[in-house]
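Here is a briefing on the structure shown below. Keep the view open while you read, and check each residue as it comes up.

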Amino acid sequence: MRALVISDTHFGAWTGQDILRDPDTLALLEPQLDVDEVIFLGDMFDFLFASLRDAFSASEGLLDLVREKLQGKRFVFLAG
């Protein structure tokens with residue numbers, strides 16, 4: 001079994017760069033999602049710097065890719 005662990009994405013945090021909205025970045029990440037499960041370790045969103053809408057918008061690219069690549073596979077989220 002192969003798992004990919006992602007932690008502390010802090011979607012919505014103001015850093016001046018939204019690298020996980022960038023199609024080129026997502027294209028680099030896509031082959032890494034050839035796994036049996038993805039585990040998100042806490043601090044997925046950062047509501048200190050963004051509205052709920054902005055934080056969810058910032059996560060769309062990555063979450064759409066995860067949804068596409070992990071059909072029928074395991075997705076685990078541990079709140080942080």
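Predicted model: local features only at pLDDT ≥ 70, side-chain atom pairs only at ≥ 80, totals over all residues.

**Strand pairing**

- Strands of a sheet pair through backbone hydrogen bonds, either parallel or antiparallel.
- E1 and E2 run parallel and are joined by five bridges.
- Leu 4 has Val 38 of E2 standing opposite.
- E2 covers residues 37–41, and five bridges join this strand to E3, again in parallel.
- Phe 40 has Phe 77 in E3 as its bridge partner.
- Which residues of E1 lie on the covered face, and which on the uncovered one? Leu 4 and Ile 6 are on the covered face, while Ala 3, Val 5 and Ser 7 are on the uncovered face.

**Salt bridges**

- How many salt bridges does the structure hold? There are two.
- One joins the side chains of Glu 37 and Arg 74, at 2.8 Å from N to O.
- Glu 37 lies in strand E2 and Arg 74 in strand E3, so this pair ties together parts that are 37 residues apart in sequence.
- Glu 37 has 8% relative accessibility and therefore counts as buried, the cut-off being under 20%.
- Arg 67 and Asp 64 also meet in a salt bridge through their side chains, at 2.3 Å from N to O.
- Both residues sit in helix H2; because they are three residues apart there, about one helical turn separates them.
- Asp 64 is partly exposed, with a relative accessible area of 39%.

- Where is Asp 46? Asp 46 lies in the loop between E2 and helix H2 (52–69).
- Asp 46 is buried but has no salt bridge.
- The nearest side chain of opposite charge belongs to Arg 21, 13 Å away.
- What does the side chain of Asp 46 reach? It reaches the backbone nitrogen of Leu 48, at 3.1 Å.
- Leaving aside neighbours within four places in sequence, Asp 46 is in contact with His 10, Phe 11, Gly 12 and Ala 13.

**Loop residues with accessible surface**

- Trp 14 is found in the loop between E1 and H1.
- Is Trp 14 buried or exposed? At 68% relative accessibility, Trp 14 counts as exposed, because the cut-off is over 50%.
- Trp 14 and Ile 39 are 25 residues apart in sequence, and their C-alpha atoms are 24 Å apart in space.
- Gln 32 has its place in the loop between helix H1 (23–29) and E2.
- Gln 32 is partly exposed, with a relative accessible area of 45%.
- The C-alpha atoms of Gln 32 and Gly 12 are separated by 23 Å, and the two residues are 20 apart along the chain.

Conventions
Residues numbered from 1 in each chain as written. Heavy atoms only, no water. Pairing = 2+ DSSP bridges. Helix = DSSP H or I, 4+ residues; strand = E, 2+ residues; numbered from the N terminus. Buried < 20%, exposed > 50% of the residue type's maximum accessible area, 1.4 Å probe, protein only. Lys, Arg positive; Asp, Glu negative; His and termini not counted. Salt bridge = Lys/Arg side-chain N within 4 Å of Asp/Glu carboxyl O. Polar contact = N/O pair within 3.5 Å; in protein donor to acceptor, adjacent residues only side chain to side chain. Contact = heavy atoms within 4.5 Å.
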